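The following exercises are to be worked through with the sequence and the coordinates at hand. Each task is followed by a stepwise solution.

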Amino acid sequence: MTDTLLLAFIFLSAGVIAVPIATRLGLGSVLGYLIAGIVISPLLASLHIDVISIQHFAEFGVVMMLFLVGLELEPKMLWAMRSKLIGLGGLQVMLSALIVMMAAMAFGLNWQISLAIGLVLCLSSTAIVLQTLGEKGLMKSDGGQSSFSVLLTQDIAVIPMIALIPLLATVDMHSDDHSESGHATMSLVDGLAPWATVLVTIGAIAAVIIGGAYVTRPLFRFIASAKLRELFTATALMIVIGIALLMTLVGLSPALGTFLAGVVLANSEYRHELESDIDPFKGLLLGLFFMTVGAGVNFALLGENLALILGLTIGLIALKCAVLLLLSYIFKIRGADRWLFALGLAQAGEFGFVLLSLTVASAVIPAAIADILLLVVALSMLLTPALFILYDKVIVPKFSRTQAEKADVIDEQNDIIIAGHGRIGGLVNRMLRAAGFHTTSIDYSSDQLEMLRAFGLKAFFGDATRPDLLHAAGIENAKLIIVALDDKENINKVVHHVHENHPHVHIIARAVDRHHVYDLYAAGCRDIIRENYDSSLRMGRSAFEALGIDKKTSLKMTNAFDEIDRKGMIEIAPLYDPNVTAHENPAYVEKVKELGDIWENDLGKIMAELRGK
C-alpha cells in the first residue's frame, strides 16, 4: 500500500510541477509530461519501479481518447469536411508513410517492419499542434484550418493502423515472442475455425454499434433518474471498459471498439455528459502514459547513437515538411500559411508512442529498433516549439515584407472599410450593402475570398494590420472602419494605428472577451462590440420568457441588465492597465469588488420591481 501511494505521489507531483512550467514556456502539456518523466526516471530506477507495466495500464488513456475523438465526429461534420479529410489529410498520411517506408527499406529492413515504421512516423502531434495554434490565435487561418483537417484525418487513421499492425508480424519474431510468454489469456476466438472467428468478430462489432444506438439511451435515462452524478460517471466508465474488454476477447484493438461507440453516440443527447465524465480520466491516464514514455527514454542508447538519432530526427522533419509543402501547393495554401502548415505538422506524434508499443507487443518491430524510433519521436516533438519560433521570427516577417506584391490591388475607395470578412464582418457588410452603403472589405483568408467571389461579392486579399494596405484602401478619407478580425492582437494593432494616425475615422471594433474590451478602450476605441454579448442577452431574454415572464417585461429586464453592465464597464475601463495582469492591479480589483456589490443589490431590486415582486 505504501509503495503504491509513494508511486502515485511521485507521478502526480512531477506532472503538477512540470506541466504548468512547460505550458508557460510554450512547450505544451505533452512535452511537459515527457520532461517530467525524464526528470523522475533516476528516482524510479532507484526504487526498482517497473515503468513498462505502468505504461500498459496508462495506455487505457489512449482508448478513452479515441472514444472522445469518436464523440466529436458527427457524420454531418465529416461529410462537410470530406474533401480536405480525404484529399489533404489522406494524401499526407499515405505519402509520408510510403516515403518513410521506402527510406527504411533502403536501410535493409524488410517491408513489414518498414511499413510499420512508416505508419508510426507519418502521424503528427495533435495535442502540441492544436494547443499551439490556439495559443497563437492561428486556428482560423488557412494554415490552421488545413492543419486541423490533417490532424483529424490522422486521428481517424490510427484506428485502421491499430488493426493492421498485428497482421504485419513475421513468423520468426512471432514465434519467439510466444515462446517467451507462456501465460494464457482469455479469448472468445481461440480454437475456433477461421469462419467462426470471423463471425464472432463481426458479431462483437455489431454489438457495439447496435448497443450504442439502442441500448445506451434507455440505460442513461434509467441512471439519470437516480440523480447521482457519480453513478453516471461510473456508467460511462463501465461502457468504455466493457467495450474495450469485448474487443480484447475477440482479438481486436480496444481502441477500435471505443472509437466506433463514440461515433455512434456522437448525436446522442448524453454526448456532452459523457465527454465531461470521461475527459478527466483520459487526461490523467494520458499524462501518466507520456510520463512513463519520458521515464523510459534510454539515455545510454541516445549517447551511443547520438549522431544517428539526431540525423533520423532532422531527416524525418525535413521529409514531412517537404511532403506538406507539396500538398500546400496542390491545395492552394498560400503565403505564410503554407509554412505554418508545413512546419507545424513536421514532427512525429503522441500516437507514435502507442503504435510503437503495439509493434513491439505484436512482434512487428524488434525492441532495439523501437527504442531508437521512440527517441526520434520524442526528439521531434521536443523540437516543435523551435519550428514555431522559426515560423514567428523568420517566416512571418519575410511574408509581411513581400505581401505588398501578393496582396490584391485595391482599385476602389469607399467611406467604409471592413477589416475581416468572416462570420461577423460578413454579416455587417451584408447589412450595410443592403442599406445602400458602399464598403471596401479586406480579408487575409484566400479560402474565404474565393467563396465570396464565387457568389459575386467583391473583397480584397491582404493583411489589414499593414498601414500601407489601409492607405491603399483610402483610410485617410474614410469615415468608418469596422475591425472584425479573428485575432485579438491584430484587432488591437489596427485600432491603435487608426486611432493614432487617423483620429477622424470612427472605429467600431470586435472584442473577443471582457478584458479585450478594456484593451481596446486603452487603445483609444470607444465603440466596442463584444462578439458574444448581444447573443447572450437574447438568450437570457428567451430564458425569462421560457420561465413564464411576458415578452414586454422580459425585454425590460434584459435592457436593465444591459444598462447596468455597460455603465459598470465604463467606470472600470480607465483603471485597467493592459500591461499588468488584471488580478495584480489593486485599483482595478477594488473597483470591480465595489461595483459588484452595488450592481448585485441594484440589479436585484430593479428585476424584482419589473416582475412585480
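**Exercise 1.** Determine which residues are in contact with Leu390, leaving aside its neighbours within four places in sequence.

*Solution.* Step 1: contact requires heavy atoms within 4.5 Å. Step 2: under that exclusion, the partners of Leu390 are Leu343 and Ile395. Step 3: Leu390 belongs to helix 20 (residues 384-406), helices being DSSP runs of H or I with at least four residues, numbered from the N terminus. Step 4: the relative accessible area of Leu390 is 35%, so the residue is partly exposed (buried means under 20%, exposed over 50%, partly exposed in between, with a 1.4 Å probe and protein chains only).

The model is predicted: local features need pLDDT of at least 70, side-chain atom pairs count only at pLDDT 80 or more, and totals for chains, interfaces and linings use all residues. Residues are numbered from 1 along each chain as its sequence is written, and side-chain values use heavy atoms, with hydrogens and water left out.

**Exercise 2.** Count the aromatic pairs and classify the geometry.

*Solution.* Step 1: rings of Phe, Tyr and Trp (its six-membered ring) pair if their centres lie within 6.5 Å; planes under 30 degrees apart are stacked, over 60 edge-to-face, and the rest tilted. Step 2: the count is one aromatic pair. Step 3: the ring centres of Tyr518 and Tyr576 are 5.2 Å apart with planes at 40°, so the pair is tilted. Step 4: Tyr518 is in helix 25 (residues 514-522) and Tyr576 in the loop between helix 27 (551-572) and helix 28 (586-611), so the pair ties together parts 58 residues apart in sequence. Step 5: both Tyr518 and Tyr576 are buried.

Terms used:
Helix = DSSP H or I, 4+ residues; strand = E, 2+ residues; numbered from the N terminus.
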